[in-house]
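Hello,

Here is the structure for you to look over. My notes on the pocket and the ligand follow below.

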Amino acid sequence: MADMILRTSLTSPFGRKPRLAAAVLGLADRIEVVPADFLDDTDSLRTENPLGKIPTLVLADGATLYDSRVILEYFDYLAGGNRIIPVEPVARFAALKLQAIGDGILDAGVLRRLETMFRDEPLYSDRWLAHQCGKMNRALDVLEEEPPSEVDILVGEIAVACGLGFIDFRLGDDWRASRPRLAGWFARFGERCPGFAETVPH
Ligand SMILES: N[C@@H](CCC(=O)N[C@@H](CS)C(=O)NCC(=O)O)C(=O)O
């Protein structure tokens with residue numbers, strides 16, 4: 001039975017992180033996804049999370065947790081620990097750093113998306129968009145040099161997969177052409193990660 005509520009939209013890439021983590025950790029049955037709209041000022045999201053961001057997790061006692069990194073750490077704890085966040089320091093900081101790269105791709109991608117959502121096209125800042133594209137492209141190049149694990153599914157792999165999925169869904173960049181190793185990794189990850197197909201944004 002569900003005893004936690006995940007406030008997110010079904011297209012949110014940051015919201016996809018806890019949905020994937022829950023599937024990986026066998027916690028999906030404990031989580032009810034209740035759609036949230038961060039643009040709606042009457043949505044209770046803003047009282048659950050003063051930042052008004054998704055994902056936000058509401059626990060059985062009404063306490064809330066955010067952001068996606070904290071929620072993934074909580075899920076790891078619920079699952080007994082050392083599952084998607086290793087305890088051993090070398091592996092731990094590698095996983096957290098990879099998560100930071102995946103989240104950074106998402107931060108830049110979401111800023112690109114918001115620029116085109118909140119402004120009319122003549123007002124788009126090409127300089128700002130190029131600044132964010134630079135971050136994404138450099139991060140993708142680093143991942144092409146050293147793709148994530150083919151075996152593990154840790155916070156880093158989850159975040160990178162959500163980042164790549166978001167590019168495909170919202171931005172349409174042809175990131176694969178010059179990054180065949182990363183493209184191969186992503187395709188294989190989609191086949192082996194529980195919950196992946198069910199959470200593809202559409
Ligand atoms: N660092 C946050 C980022 C979450 C985030 O930026 N979510 C976006 C949607 S994908 C959002 O809620 N944006 C609404 C806003 O910034 O007002 C996390 O990891 O959860």
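Helix α4 (89–118) gives the largest share of the lining of the largest pocket, 8 residues. Helices here are DSSP runs of H or I, at least four residues, numbered from the N terminus. A pocket is an open set of points on a 1 Å grid over the protein atoms alone, where a 1.4 Å probe fits, with protein on both sides within 12 Å along at least five of seven lines; lining residues have an atom within 4 Å of a point.

The model is predicted: local features need pLDDT of at least 70, side-chain atom pairs count only at pLDDT 80 or more, and totals for chains, interfaces and linings use all residues. Numbering runs from 1 along each chain as its sequence is written, and side-chain values use heavy atoms, without hydrogens and water.

The lining has 29 residues, with S12, F14, F38, I54 and V110 nearest the centre of the pocket. By class, 15 are nonpolar, 6 polar and 8 charged.

The ligand takes up the space of this largest pocket. Around the ligand (a heavy atom within 4 Å) are S12, P13, F14, F38, K53, I54, P55, D67, S68 and R69.

- A backbone N or O atom of I54 lies 2.8 Å from a ligand nitrogen.
- An N or O atom in the side chain of D67 is 2.9 Å from a ligand nitrogen.
- A polar side-chain atom of S68 is 2.6 Å from a ligand oxygen.

Best wishes

Conventions:
A polar contact is a pair of N or O atoms within 3.5 Å; within protein, one must be able to donate a hydrogen and the other to accept it, and residues adjacent in sequence count only if both atoms are side-chain atoms. A molecule sits in a cavity or pocket if more than half of its atoms lie within 2 Å of its grid points. Helices (H or I, at least four residues) and strands (E, at least two) are DSSP runs, numbered from the N terminus. Ala, Val, Leu, Ile, Met, Phe, Trp, Tyr, Cys and Pro count as nonpolar, Asp, Glu, Lys and Arg as charged, and the others, Gly among them, as polar.
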